Amino acid sequence: MFSEYLFRKVDNSPLVIFRIIFGLLIVAECWGAIYTGWVQNNFVDPKISFSFIGFEWTNVFLGAKMIYFYVVMGFLGWFIAFGFAYRFSTIIFALLWSLTYFMQKTSYNNHYYLFMLISWMMTIIPAHHFFSVDSLMFPKIKRLTCRNWVPTLFIIQLLIVYTFAAVHKIYPDWFNGVFLQMKFEQYGELLMFKYNLAGLGKVVSSLEFAQVFAWLGFLFDLLIIPAMLFKKTRGLAIKCAIFFHIFNSAIFGIGIFPFFALAMMIFFYDPVKIQEMIFPKKSFMMDRSDEDNLLTTRRVMFSYLLCFYVIWQVYLPVRHFFIPGNVFWTEEGHRLSWRMMLRNKAGEIEVFVAQPDPKKKGKFLKREKVKLDDYLTYKQISKMAVSPDMMWQFARFVKHDYNEKGIKDVKVFVDAKVSVNGSDYYQFTNPNYNLGFTTWSYFGHQKWIKNQPKELHLSYFD
């Protein structure tokens, strides 16, 4: 049965190695974010933060104190790597990382989302039972094995990530190379003008080069996990994965994710061979007990919980199919969906406020343009210009700000125009809709978003 498969014992060597790499990547990510100024730009400089809807209360943490959050998370990374106070360290890190993740969307990244999911997995996974400070201090917890649900869960999570990354690429501007060419052109110019490699620069900037890599990227995402599952194709698959992720790291600058994804590939390999290679002195004994083959209620319930988690992870990337409009245009259902590096959007935005006329009840004064620079950083303005949920949040913030000044019941209007993959700019919002009054539909369509222009072909079904 499925539950028996999940609770079969396997050597925990791959899990131990992943714990060490995971901890070190936490250190690199958190302390690197401080060093590069990422924390400063996203949490210290902004006056307000575009949190996930429902997490607006996290604005109280904005400021220099966020640097200390990342310092602490870096130290927790060391604790996790060494397996010291592992349960405490993983839980506190998962909480802090989740807090920082939900605090802002200006620099939203699917990779941060995956990092959060794995962080919470690690809170229940016994990755400290071997080769850890905890197992030295408390020998009773030492184990040579873990349950099979551990590597299975990692593999399923990777399957979901890569499969939906491939599925979401099935739209015209991916396969015709339009999106990727926009990305590669800047590197082609760099090769031509900085390194005087005109020939290579022209190749990299060409549409044909982008189209080739579009197909390679799609096929990689679609086939990498099935190829890793079979021993005969695993050797070639891991070589392709190393090239793919290192290439992406060099071209797109996506932080630790390439190394994080490669580290998770260890769960595809035979754990006994990993043990013989890395821990040759480890005596491999299957820690059997009388209850090993028993299907207890606890184990069955846990199996159902794992199934529910997998179903939820499958639902999130497809939820946009249940919302009217194309997600490439509306952005509704974009986040938490593994829609990675798919399109380039630019926007123009103006926000207006209409105050109640004190002399005429029910009437409003002429609209006044809001100075966005007074509230937001340049990066926040650029991101808000293409993100409807951020437009709605800002309208609410402006309305609250006027309330604080004693001017109540103002109307807030957003006039936004959007370009997708270098297209012309099209009207995105209804400029006469009062966003200061409307509510946000979490799993539905926002009525104030204009329909996708017929000139834009963002689906093969348009």
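## Helix α6

The model is predicted: local features need pLDDT of at least 70 and side-chain atom pairs pLDDT 80 or more, while totals for chains, interfaces and linings use all residues. Residues are numbered from 1 along each chain as its sequence is written, and side-chain values use heavy atoms, with hydrogens and water left out.

Helix α6 covers residues 110–124; helices here are DSSP runs (H or I, at least four residues) numbered from the N terminus. At the start of α6, a side-chain oxygen of N109 comes within 2.8 Å of the backbone nitrogen of H111.

## Largest pocket

N109 is also among the residues nearest the centre of the largest pocket, with S107, Y108, M341 and K383. The lining has 43 residues: 19 nonpolar, 14 polar and ten charged. Elements giving two or more residues to this lining are α2 (13–35), α6, α10 (178–193), α13 (231–252), α14 (257–264) and α18 (378–384).

## Positive phi values

Most residues other than glycine have a negative phi. A85, in the loop between α4 (65–82) and α5 (86–103), has a positive phi of about 45°. F131, in the loop between α6 and α7 (133–137), has a positive phi near 55°.

Key. Expected span 1.5 Å × (residues − 1). Polar contact = N/O pair within 3.5 Å; in protein donor to acceptor, adjacent residues only side chain to side chain. 1 Å grid on protein atoms, 1.4 Å probe; cavity = no way out; pocket = protein on both sides within 12 Å on 5 of 7 lines; lining within 4 Å. Nonpolar A, V, L, I, M, F, W, Y, C, P; charged D, E, K, R; others polar.
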